[in-house]
Amino acid sequence: MFRRTLLSTVAVAAAAFVTLPQAALAADAWPKLKPITLIVPFSAGGNVDFQARLIGQKLGERLGQTVVVDNVPGAGGVLGVTKAINAKPDGYTIVMGFDGPVSVAQLVNKAVKYDAERDLLPIGQVSVAPVVLMARPGLPAQNMQELIDMAKAKPNAVTYATSGVGTVLHLAMEMVQARAGVQMVHVPYRGGAQITNDVMGGQVDVGYLTTTSATPLVQQKKLVGLGVTSAQRIDSIPNVPVFAETPVLKGLEINTWTGLFAPKGTPADIVGRLATELDAVLKQPEVQQRLKDGGATPGSGTPAQFAQFLKKEKAAYAAIVTSAKIEQE
């Protein structure tokens, strides 16, 4: 009798183990089974890659597991995000997302089939960084109001450079034009180095640069910073006003950002653990200083707060894309 009861108990326990959801089993073992892959939708050496390697290393130390960076460049970040979305949602693949492929790409490019809001789970915001609108040498305008006045006097004469059609910086300038009621000519580039060269050479009137690139140029008086897109002036270039100081641009704030995401379906407890560890990493003095040196401010907040930020941002960009009829070819 005892033997039959014991066997029955063992059988029931075994059956219960077999019927446990695979997600629960995976979450229980995570992250012991294998290294975590952190997809970076950019080539090695750029700012997004730098942040990913910094955060990946610190996350790995806290989790007791190796975090391997996988650079997947192409299509403005879309290829890397797509790879992450299609990965197995077991907590062993995450992606360093940023504004372009996450918030904007599906709005301006019909070839993008994913919806980041639907297909990715926010873990946390890693960094936030403004950009600076720089003027070519000899441009009569010395601030945003004078640029707007110049554009009003000569419609479609002022040229502005960004990192590409449908990028956040392109949409930022569309916001400025819509607020000010002016028309300028967009000149898309592939990167900041080309923008710097052509603004300094006078091939374009103004161009957006990261704070890291703009700061030494302003400090050395090689170029004039017309405005910075943050809410407050930047300590390293305090003479450059924020966009919102111009009456018609009051309340306008535009920041680039990076953040960690997991594929939809990743167990909630794994996402929660990653969020907790990311928050701890971002509070480390070394990490804060290294992000600041790169012109960024460490992110903060819960996955839910990050999700709300993304939803609000996407709605704002969608309105601009529709009104300006922006579409990537």
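This is a predicted model: local features need pLDDT of at least 70, side-chain atom pairs count only at pLDDT 80 or more; totals for chains, interfaces and linings use all residues.

A: Residues are numbered from 1 along each chain as its sequence is written, and side-chain values use heavy atoms, with hydrogens and water left out.

Q: Fine. Where does G97 sit?
A: In strand β3, residues 93–98. Strands are DSSP E runs of at least two residues, helices are H or I runs of at least four, and both are numbered from the N terminus.

Q: Is G97 buried or exposed?
A: Buried, at 0% relative accessible area. Buried means under 20%, exposed over 50%, partly exposed in between (1.4 Å probe, protein chains only).

Q: What does G97 touch?
A: Not counting residues up to four places away in sequence, V102, W257, T258, G259 and F261. Contact means heavy atoms within 4.5 Å.

Q: Switching to D49. Which helix?
A: Helix α3, residues 47–63. D49 is buried too, at 4% relative accessibility.

Q: Which side chain does D49 join in a polar contact?
A: That of R53, at 2.9 Å. A polar contact is a pair of N or O atoms within 3.5 Å; within protein, one must be able to donate a hydrogen and the other to accept it, and residues adjacent in sequence count only if both atoms are side-chain atoms.

Q: And the five strands, in what order?
A: β7-β6-β8-β5-β9, an open sheet with mixed pairing. Two strands pair if DSSP finds at least two bridges between them. The edge strands are β7 and β9.
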